[in-house]
Amino acid sequence: MTMPMSSAPEPISLEPVTTGPVTRGPRPPSGRPVPGSPDGGAGHDGAYAARTVGLVKVYGTGETAVRALDGIDLVVQRGRFTAIMGPSGSGKSTLLHCVAGLETATAGQVFLGETELSALDDTRLTLLRRERVGFVFQTFNLLPTLTAEENIVLPLELAGRRVDRDRLTALAASLGLGDRLRHRPAELSGGQQQRVAVARALLPGPDLVVADEPTGNLDSRSGAEVLTLLRSAVRETGQTVVMVTHDPIAAGYADRVVMLADGRIAGIMDDPTAARVLEVLQRHDGALRGTCGGTGVDSTGTGGGTGTGGRPEGDNGTGIHRGDGLLTTGTGIDGGGCVR
Ligand SMILES: Nc1ncnc2c1ncn2[C@@H]1O[C@H](COP(=O)(O)OP(=O)(O)OP(=O)(O)O)[C@@H](O)[C@H]1O
Ligand SMILES: [Mg+2]
């Protein structure tokens with residue numbers, strides 16, 4: 001069922017997607033402008049790490065076909081932290097997988113930097129994933145027989161690449177694990193394991209790190225440590241990160257939130273705080289509220305007035321009065337599919 005915008009208690013503004021440059025944090029080297037591209041919020045210099053143009057993904061055929069993505073024009077800003085939110089089934093993981101070369105598009109295009117993924121055969125796609133993308137999964141996916149450090153360096157060793165010991169040392173320090181790097185995953189907490197997984201993704205210096213609900217299995221404190229690690233990589237080394245999350249608090253660590261609803265972009269929020277994200281979810285109630293399930297933060301609880309867990313520096317606490325909130329790109333948000 002399609003829910004017209006006017007049925008929301010307080011309609012969100014129907015303004016174009018923000019196109020101004022993002023001003024916070026280090027500015028890594030720019031990519032070239034995207035000729036003829038719908039900007040999608042890349043900023044005036046067109047600095048993007050990845051982008052999609054009219055991306056459609058259909059699973060199955062005939063009556064059972066599922067249109068998971070329905071024409072996504074997305075720009076992933078280089079050196080920025082992007083969060084993707086939306087109700088369960090809205091296409092978040094599918095979008096992440098398409099951008100990371102784990103899934104192929106049914107129609108439209110996906111670019112990682114200048115490389116169009118649909119032009120690659122399976123072997124090249126595998127190489128691209130190995131050399132240019134880092135992955136963080138909800139379930140950590142560490143090899144149980146290896147120590148934390150061996151897990152971290154494994155992708156580089158498999159690729160026959162040299163391990164940069166200085167970078168490893170710096171990363172290890174930021175993990176806050178001390179000598180536990182010599183322990184196996186079973187001897188580490190969930191939060192520690194996920195920090196190891198983040199380090200494994202970051203060490204090779206990939207063009208893009210994708211994380212699908214990286215805090216989904218963690219308590220709030222461990223989640224905050226993982227998110228801080230991801231955000232530091234973006235701020236301090238210009239790493240590009242795209243993270244799927246249901247949790248407004250996690251989204252508050254990002255530079256930009258992209259909201260999906262029924263396989264389409266429903267809106268974009270720059271410089272989000274947990275409170276602003278939550279406020280938008282509350283305003284759109286059924287259409288987007290399924291995004292709140294991640295850590296038990298519900299639409300009436302934590303975060304509403306305090307900005308809990310949002311970026312601690314540089315905001316006004318609530319974030320609600322700053323900026324335009326969610327800027328919609330379409331004429332409506334489909335209300336179905338919100339199961340949480
Ligand atoms: N391999 C698949 N085969 C068939 N349908 C699929 C497949 N993967 C995903 N889908 C469908 O595509 C739609 C989008 O799924 P996706 O996993 O991207 O959603 P999501 O937003 O990540 O949801 P969640 O928050 O529950 O993880 C859903 O309707 C889902 O059932
Ligand atoms: Mg998913």
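Modeller: Two strands pair if DSSP finds at least two bridges between them, strands being DSSP runs of E with at least two residues and helices runs of H or I with at least four, numbered from the N terminus. This is a predicted model, where local features need pLDDT of at least 70, side-chain atom pairs count only at pLDDT 80 or more, and totals for chains, interfaces and linings use all residues. Residues are numbered from 1 along each chain as its sequence is written, while chains are lettered from A and ligands numbered from 1 in the order in which they are written.

Colleague: What makes E7 and E8 a pair?

Modeller: E7 and strand E8 (residues 208-212) share 4 bridges in the parallel sense, against the required two. Valine 136 stands opposite alanine 211 in E8.

Colleague: Why is one side of E7 and of E11 left without a neighbour in the sheet?

Modeller: The open sheet of 6 strands runs E7-E8-E9-E4-E10-E11, with mixed pairing. Strand E7 (133-136) and strand E11 (264-270) are at its edges, so each has a single partner strand.

Colleague: Why is H3 called roughly parallel to H5?

Modeller: The axes of helix H3 (residues 148-158) and helix H5 (residues 190-202) cross at roughly 30 degrees and come within 7 Å. Angles under 35 degrees count as roughly parallel (over 145 roughly antiparallel, 65 to 115 roughly perpendicular, the rest oblique), so H3 is roughly parallel to H5. Axes are lines fitted to C-alpha atoms, for helices over the stretch in contact, with angles from 0 to 180 degrees between N-to-C directions.
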